[in-house]
Amino acid sequence: MICDRMREQIPECLAGRLDAATREKLIDHLDTCSACRADMAELGVVWRGIDSMSEPEPSPAMRARFLETLNAYQEGYQEAQRRQAYNIPQRSFWAGLWPSRPAWQVAFSAALLLAGVLGGRYFADARATRNPEMAQLQAQVENLRQLVTLSLLQEQSPSSRLRGVTYSYQMTQPDPQVEQELLHTVNHDSNVNVRLSAVEAIGAKFGRNVQVQRALVDAIAVQESPLVQLALIDLLVQLNDKDALPALRRLVQDKDTDDEVRQRAGLAVQRLESTR
Amino acid sequence: MGDEEIMKDVRAGNVGRLELLFDRHSRPLFRYFMHLTGNRAVSEDLVQEVFFRILKYRHTYQADTTFRAWLYQIGRNVCMDHAGRRKGEVALPENAGEFSSAEMPPDRQYQNKEETALLHRALAAMPREKREVLVMSRFLDLKYDEIASILKCEVGTVKVRVYRALRDLGDRFFALGGERAS
């Protein structure tokens, strides 16, 4: 028993981290116990041997890849903050313009309505002549976005695939090819973060599509990462997808399900059932 | 400036400051993964993943934990996710030569190279849990209270586990070398 306690101090002693009193006790014990002395000698050889193992260095590309991801994230974050910052003064500006007396409010509303009707007629005429060119241009931009998204999603580097997922948000029209590629990413991408981002993108862009919802339910069973499973469950609850209930119940009953996932699936079942 | 102060800045939205934490911690983290996976490319990918999760979940950082302990908690989760995807694969070092030293006389260098290779084989053959706790204590120089926080156990438990891991490494090393220290 004493020997066990003393031996547990050996690594700290070899690392030079023992306080003076404990170290003295250990040394006193080693003076009287040959077995512990032998243990200390052997472990000392191993401990010093580790010092001679020089450690491998990561490639410079690792830092470059990290900086690429960080910059992409920072750009997105700053963009989001800019949008938020613009919203605040706009609200207070319009609130300041709005008259406080009800009579003026009615008059102001009527004037706005009249301006809207007249303006609508004028712009409808103007648009009729410009529309085909604008529509063509918009279609070209949309095609370009689709092309960039699809090619980025097939890149080798996870950060490029992440950019591809982010790019899919900019598409104004839901595109079936991008939808399929994002679903493929959710099911088969080797990187958990890319899969997580793809789940978010699908939720934002294609969540209302019933076929996509079915594919998301199927995806839960094939996921190995509990984090992605949690994200999928949350998304199905957010979409209020009651058809997901049987799959979620199976997840709750499955012995192999991760504890946290089982718990979240249970809560999801409760929530979906309560909204019936 | 301490890691915790920088991480508080990152949490508050100054995400560019994470570059500083990456420069301080990415190498030891890479080595931690190298010892657990034995694969350079995978280890680099896992480092990327850890720092991405830090960005994504930065609001969950609590200042009462040291940044290092939090970093390796995330690192452990990332590694377990990876291990879950690759069940059955045996982690072995890609190249024992990477761990040798060149600043010694030729005969001592040879002996040292052999011992180093044996130590590396012994370490790679250890059960994952023991290898992990030893890597944290001996290679990353983490304090026992930090290891306890990462492994979510008592400091006393860490003490016992580090000793047992070192003993296990010693047994394997001497068995491989066919000799015992006198």
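## A helix pair in chain B

Helix α2 (residues 18–37) of chain B packs against helix α6 (residues 128–139) of chain B at an angle of about 155 degrees, with their axes 10 Å apart. That makes α2(B) roughly antiparallel to α6(B), a label for angles over 145 degrees. Here axes are lines fitted to C-alpha atoms, for helices over the stretch in contact, and angles run from 0 to 180 degrees between N-to-C directions. Helices (H or I, at least four residues) and strands (E, at least two) are DSSP runs, numbered from the N terminus.

The crossing of α2(B) with α6(B) is right-handed. A crossing is right-handed if the near helix is turned clockwise from the far one by less than a right angle, and left-handed if anticlockwise. From α2(B), R31(B), Y32(B), H35(B) and L36(B) meet R128(B), R131(B), E132(B), V135(B) and F139(B) of α6(B). Four residues of this contact are nonpolar, one is polar and four are charged. Ala, Val, Leu, Ile, Met, Phe, Trp, Tyr, Cys and Pro count as nonpolar, Asp, Glu, Lys and Arg as charged, and the others, Gly among them, as polar.

## About the model

This is a predicted model, in which local features need pLDDT of at least 70 and side-chain atom pairs count only at pLDDT 80 or more, while totals for chains, interfaces and linings use all residues. Residues are numbered from 1 along each chain as its sequence is written, and chains are lettered from A and ligands numbered from 1 in the order in which they are written.

## Chain B as a whole

Chain B has eight helices and zero strands. Among contacts in chain B between residues at least 6 apart in sequence, 66% join residues at least 24 apart. Two residues are in contact if their C-beta atoms lie within 7 Å.

One spot to look at is K152(B), in the loop between α7 (144–151) and α8 (155–177) of chain B. Its phi is positive, near 55 degrees, although K152(B) is a residue other than glycine. K152(B) counts as exposed, with 9 C-beta neighbours inside 10 Å.

## Helices and a loop in chain A

Over in chain A, helix α8 (residues 176–188) and α9(A) have axes that come within 8 Å and cross at roughly 145 degrees. This crossing is left-handed. Among the residues making the contact are L182(A) and L183(A) of α8(A), and A198(A) and I202(A) of α9(A). By class, the contact has nine nonpolar, one polar and two charged residues.

Helix α3 (residues 20–32) of chain A has 13 residues and reaches 19 Å from its first C-alpha to its last, close to the 18 Å expected (1.5 Å times one less than its number of residues). Of those 13 residues, the number buried is one, so α3(A) lies largely in the open. N240(A), in the loop between α11 (226–238) and α12 (245–253) of chain A, has a positive phi of about 55 degrees although it is not a glycine. With 11 C-beta neighbours inside 10 Å, N240(A) counts as exposed.

## Where the chains meet

33 residues of chain A are in contact with 44 residues of chain B. On the chain A side, α5(A) gives the most, with nine residues. The residues of that side divide into 18 nonpolar, nine polar and six charged.

Methods. A residue is buried if 20 or more other C-beta atoms lie within 10 Å of its own, exposed if 12 or fewer, and partly exposed in between; C-beta atoms are placed from the backbone. Angles under 35 degrees count as roughly parallel, over 145 as roughly antiparallel, 65 to 115 as roughly perpendicular and the rest as oblique.
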